[in-house]
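Here is a quick tour of one chain, starting with the overall layout and then zooming in on a handful of residues. Keep the viewer open while you read.

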Amino acid sequence: MLLAIDVYYKENEAKVVAVVFNSEDETPQSIVIDQITGIEDYVSGEFYKRELPCIDSILQKVNLNDIEAVIIDGHIYVDDDGTFGLGGYTWESLNKKIPVIGVAKNSFFRNKNTVKKVFRGESKKPLYVSSIGIDLDSATNLIKNMKGDYRIPTILKELDRITKE
């Protein structure tokens, strides 16, 4: 089973959604939703300080025993030197026991070697996949082969829709 997490902010509140699914699923097998107040302000270069508490909160509400990997909307590293981004900090919060795959819609100019571009469907614009605790090629193949004809896999589009509802 896989777990994908997304967070949507409105002022100092956040809606956090986690979906549990298998890689061949188009719809979640289960959905967990949490509302959090008192969210930290965004600080450039320190996004993880705002989002990680939200992710940690939802992780407390999910049975992680059967989870093979966690997918986050973001990067594992922010540069080629291995400086952690949101995904790296998420992996640490999981005690380095569950791999984390970052799927980002945009690249960072300093992390060209820690990500792979994934082109899905007929899109000319890639997704930027990174990973920790799992081989990058395996993570890339997983994202590339998820259901859906478009750039964003169907299950991740559904997660985004639920999060913004």
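Helices here are DSSP runs of H or I with at least four residues, strands are runs of E with at least two, and both are numbered from the N terminus. By that count, the chain has four helices and seven strands. Following the sequence, you get the pattern β-β-β-α-β-α-β-β-β-α-α. The radius of gyration, taken over C-alpha atoms, is compared with a globule rule of 2.2 Å times the number of residues to the power 0.38. For this chain it is 15 Å, close to the 15 Å that the rule gives for 165 residues, so the chain is as compact as a globular protein of that length.

A word on ground rules: this is a predicted model, in which local features need pLDDT of at least 70 and side-chain atom pairs count only at pLDDT 80 or more, while totals for chains, interfaces and linings use all residues. Residues are numbered from 1 along each chain as its sequence is written, and side-chain values use heavy atoms, with hydrogens and water left out.

**The whole chain**

Along its principal axes, the C-alpha trace spans about 40 × 35 × 30 Å. Of the 165 residues, 48% count as buried; buried means under 20% relative accessible area, exposed means over 50%, and partly exposed is in between (1.4 Å probe, protein chains only). Contact means heavy atoms within 4.5 Å. Among contacts with a separation of 6 or more, 61% come from residues 24 or more positions apart.

| Residue | Relative accessible area | Class |
|---|---|---|
| Ser130 | 0% | buried |
| Arg50 | 14% | buried |
| Ser138 | 38% | partly exposed |
| Lys96 | 48% | partly exposed |
| Glu11 | 70% | exposed |

Start with Ser130, which sits in strand S7 (residues 127–132). Which residues is Ser130 in contact with, leaving aside its neighbours within four places in sequence? The list is Gly74, His75, Ile76, Val100, Ile101, Gly102, Thr114, Val115 and Leu136. With Ile76 there is also a polar contact (a pair of N or O atoms within 3.5 Å, where within protein one must be able to donate a hydrogen and the other to accept it, and residues adjacent in sequence count only if both atoms are side-chain atoms). Here, a polar atom of the Ser130 side chain lies 3.0 Å from the backbone nitrogen of Ile76.

Next up is Arg50, in helix H1 (residues 47–59). Apart from neighbours within four places in sequence, Arg50 is in contact with Tyr9, Glu11, Ile39, Glu40, Asp41 and Tyr42. Arg50 and Glu40 are 10 residues apart along the chain, and their C-alpha atoms are separated by 5.2 Å. The side chain of Arg50 also reaches the backbone oxygen of Glu11 at 3.2 Å.

Glu11 itself lies in the loop between strand S1 (2–10) and strand S2 (13–21). Most residues other than glycine have a negative phi. Glu11 has a positive value, near 60 degrees. Lys96 likewise has a positive phi near 60 degrees, and is found in the loop between helix H2 (86–93) and strand S5 (100–104).

Finally, Ser138 belongs to helix H3 (residues 136–144). Its C-alpha atom is separated by 20 Å from that of Asn106, 32 residues apart along the chain.
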